[in-house]
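Here's a quick briefing to read alongside the sequence and the 3D view. Have a look at the structure first, then work through the points below.

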Amino acid sequence: MWQQPTSLFTDHYELTMLQASLHSGAAHRPSVFEAFARRLPDGRRYGVLAGTGRVLEGIKEFRFGDEQLRFLSDTKVVDATTIKYLEDFKFSGNIHGYAEGEIYFPYSPVMIVESTFAEACVLETFILSALNHDSAIASAASRMIASAGTRPCIEMGSRRTHEESAVAAARAAIIAGFDSTSNLEAGHRYGLKTVGTAAHSFTLLHDSERAAFEAQVASMGVGTALLVDTYDVEQGVRTAVEVAGPGLGAVRLDSGDLVEQARWVRTLLDDLGNENTRIMVTSDLDEYAIAALQSAPVDAYGVGTSLVTGSGHPTASMVYKLVSRKNDAGDYVDVAKAAKNKVSVGGRKFAVRLLNERGRATEELIGVGEVPASDANDRALLTQFVENGVIDEAFTGAAGVHRATKRHHDSIQEMPGSSRRLQRGEPVIGTRFIDEN
């Protein structure tokens, strides 16, 4: 899905580390890297993993062609020996991780990369860019879906972020349960449902609101959604009904006190004989505004700015750490950063979610160096995405989005009921490490 090589979506120091490790002879040392978050954003009780499919798609295009190599050489980022190594670069290792759409918690090993140090090192920035952005969006989207209940949410944030981030955000939102997106490129790349009708400028273009509504209905049919708050809302609703009749699909409200306005618009629609005309609301919604609208007769929510900025938390703060490597004797040794305020746990991880007799999650169990013992109804969390450099295509493209959407739905069903509340608190389930040593 990437339109160009992804190899330069990285930090300068990844390649200088590669150069130095080639010089020391350690570049080809078998290593294990792990992506995880040390904490959840303040007030969040779970995170949603997203971006895995985009990582896999990007690894397919992670190569250094003539243009990239010329840039690195001309700017003296790395030396000739490193350029020679990069000429034939292709990831040949293994990648395991949580399935995209899965719920995660602090220290969940959401992605594990097993390869040489050189191969894993140059992928670091790219992996973190995709996982941090997409997981932040999916985590916010999941909370919005929890607040919306059975009412559909539509992703409408393209104009509030970078054009490529908009595509990724739409994809992440769908994984977390959004019904559709306004972004056509996301629809094209991933087979997502796209929707949209008209903005205020369309009404202002015409000599009257009636003329605008007549043009839209003539073009799109009576089932369209008419934006009724360009001028006077009550008159807008009356004009919409007069133009489209009882088959009018929806009216959209984009300003004002949405709770109170939705109530009297619903009454007005019913009084005019449009009991089946839906009410859609937009206007800077987030999970808290959606929750406040639960008592209002709203049928759908359009969410933009808050969604594509992670609703106040635009990154998942994931890190990517070397946790194990072979020593000179050929044995794997656990390694970890020792800083007190940035705790890491060394060793290759294996993760299981413990479930009670009702199928509800009670604890996340992480084994260090071995798979933790569990009961028959518990669920192993790690999936293999790449084996000896071969990517499992089932986790990419439109199929990957569909798979991730189902995984998220099923994971949410496993969570305790408190996960759907917006109150602050600790993670809804705890994480426990079991070390084979």
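Helix α2 passes α5 in a right-handed crossing (right-handed if the near helix is turned clockwise from the far one by less than a right angle, left-handed if anticlockwise). Keep in mind that this is a predicted model, where local features need pLDDT of at least 70 and side-chain atom pairs count only at pLDDT 80 or more, while totals for chains, interfaces and linings use all residues. Residues are numbered from 1 along each chain as its sequence is written, and side-chain values use heavy atoms, leaving out hydrogens and water.

**α2 against α5**

- α2 covers residues 52-60, and its axis lies 8 Å from that of α5, at an angle of about 150 degrees (axes are lines fitted to C-alpha atoms, for helices over the stretch in contact, with angles from 0 to 180 degrees between N-to-C directions).
- That makes the two helices roughly antiparallel (over 145 degrees; under 35 is roughly parallel, 65 to 115 roughly perpendicular and the rest oblique).
- On the α2 side, the contact (heavy atoms within 4.5 Å) is made by Thr 52, Arg 54, Val 55, Gly 58 and Ile 59.
- α5 brings Leu 123, Phe 126, Ile 127, Ala 130, Leu 131, His 133 and Asp 134 to it.
- Sorted by type, these are seven nonpolar, three polar and two charged residues (Ala, Val, Leu, Ile, Met, Phe, Trp, Tyr, Cys and Pro are nonpolar; Asp, Glu, Lys and Arg are charged; the others, Gly among them, are polar).

**α5 against α6**

- Helix α6 (residues 163-175) packs on α5 at about 45 degrees, with the axes 8 Å apart, and the pair is therefore oblique.
- This crossing is right-handed too.
- His 133, Asp 134, Ile 137, Ala 138 and Ala 141 of α5 meet Ser 165, Ala 168, Ala 169, Arg 171, Ala 172 and Ala 173 of α6.

- Seven strands make an open, antiparallel sheet, ordered β13-β12-β1-β5-β3-β17-β18 (two strands pair if DSSP finds at least two bridges between them; helices are DSSP runs of H or I, at least four residues, and strands runs of E, at least two, numbered from the N terminus).
- β13 (332-334) and β18 (390-391) sit at the edges with a single partner strand each, so one side of each has no neighbour in the sheet.
- β17 (residues 382-387) pairs with β18 over two bridges, and Val 386 has Ile 391 as its bridge partner.
- α5 (residues 117-148) lies across β1, β5 and β12, at about 165 degrees to β5.
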